[in-house]
Amino acid sequence: MRFPDSFPDELARLMRLRRDVRRFRTDPVPEPVLERCLDSLASAPSVGLSQPWRLVDVASPAARQAMRAIFSEANAAALAGYDGDQARLYAGLKLSGMDRAPVQWAVFCDEETEQGSGLGAGTMPEMRRYSVVCAVMQMWLAARAEGLGMGWVSILDPGKVRDGLAVPASWRLVAYLCIGWPETEDDCPELERLGWEHRHPRPALVPR
């Protein structure tokens with residue numbers, strides 16, 4: 001397999017621009033663009049070829065309001081865990097694009113899927129969830145290549161999201177994704193720009 005000589009640099013650029021987006025324009029996303037993003041899941045790796053990802057399109061006003069309420073409750077509880085300057089910084093962070101993102105998907109892992117016949121998940125059942133994470137990351141890059149932004153909202157109570165969306169009890173929330181056209185482009189994470197945390201260089205390999 002051969003790629004153009006420019007491909008490694010373009011891939012590195014795509015990964016640098018894969019930022020967690022929380023500030024979206026409200027322009028709708030054309031259906032063919034979303035379908036291409038979903039198509040990327042077909043080639044995502046999964047333990048035992050189980051493909052345990054399950055996606056819910058959170059589109060109705062009632063469902064979105066319920067999800068925002070769950071976020072607000074969890075965010076308030078998280079804020080209470082900080083104090084001083086860190087609390088003030090946290091309170092000023094925008095940690096969700098749920099208010100404006102035109103597309104919102106909840107991504108679950110089906111912990112009881114029969115596909116794959118349990119291969120590779122008997123000793124490490126969490127591999128199913130890891131497979132969903134890999135699929136989300138692959139779709140994230142595909143979305144970025146389309147010019148879309150994506151934000152992964154994790155300040156949520158997984159059980160309340162599952163119940164609020166009326167999905168099976170065996171589905172475990174992995175990601176709540178906000179998708180749309182970003183207001184701005186930046187290759188530096190917002191949390192880094194605002195001083196919440198700093199990115200480390202490549203990790204060291206521990207010899208054994």
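Ala, Val, Leu, Ile, Met, Phe, Trp, Tyr, Cys and Pro count as nonpolar, Asp, Glu, Lys and Arg as charged, and the others, Gly among them, as polar. The exercises below concern a predicted model.

**Exercise 1.** Determine how the residues of the lining of the largest cavity divide into nonpolar, polar and charged.

*Solution.* The search of the whole structure finds 1 cavity of 30 Å³ or more. The volume of the largest cavity is about 30 Å³. Its lining consists of Val47, Ser50, Thr113, Gln115, Gly116, Gly118, Leu119, Ala121 and Arg128. Sorting these residues gives 3 nonpolar, 5 polar and 1 charged.

**Exercise 2.** Characterise the packing of helix H3 (residues 61-79) against helix H4 (residues 84-92).

*Solution.* The two axes come within 10 Å and cross at roughly 160°. Angles over 145 degrees count as roughly antiparallel, so H3 is roughly antiparallel to H4. The crossing of H3 past H4 is right-handed. On H3, the contact is made by Asn75, Ala78 and Leu79; on H4, by Ala87, Tyr90 and Ala91. These contact residues comprise 5 nonpolar, 1 polar and no charged.

**Exercise 3.** Describe the linings of the largest pocket and the second largest pocket.

*Solution.* The largest pocket has a volume of about 430 Å³. It is lined by 20 residues, with Asp20, Arg22, Leu95, Pro189 and Leu191 nearest its centre. Helix H7 (residues 190-193) gives the most to this lining, namely 3 residues. The lining of the largest pocket divides into 10 nonpolar, 2 polar and 8 charged residues.

The second largest pocket holds about 230 Å³ of space. Of its 16 lining residues, Asp20, Val21, Thr184, Asp186 and Arg193 are the closest to its centre. The lining of the second largest pocket divides into 5 nonpolar, 1 polar and 10 charged residues.

Definitions and conventions
Residues are numbered from 1 along each chain as its sequence is written. This is a predicted model: local features need pLDDT of at least 70, side-chain atom pairs count only at pLDDT 80 or more; totals for chains, interfaces and linings use all residues. Side-chain values use heavy atoms; hydrogens and water are left out. Axes are lines fitted to C-alpha atoms, for helices over the stretch in contact, and angles run from 0 to 180 degrees between N-to-C directions. Helices (H or I, at least four residues) and strands (E, at least two) are DSSP runs, numbered from the N terminus. Angles under 35 degrees count as roughly parallel, over 145 as roughly antiparallel, 65 to 115 as roughly perpendicular and the rest as oblique. A crossing is left-handed if the near helix is turned anticlockwise from the far one by less than a right angle, and right-handed if clockwise. Contact means heavy atoms within 4.5 Å. On a 1 Å grid over the protein atoms alone, a cavity is a set of points where a 1.4 Å probe fits but cannot get out, and a pocket is an open set with protein on both sides within 12 Å along at least five of seven lines; lining residues have an atom within 4 Å of a point. Grid points are joined across faces, edges and corners, and a volume is the space filled by probe spheres set on the points.
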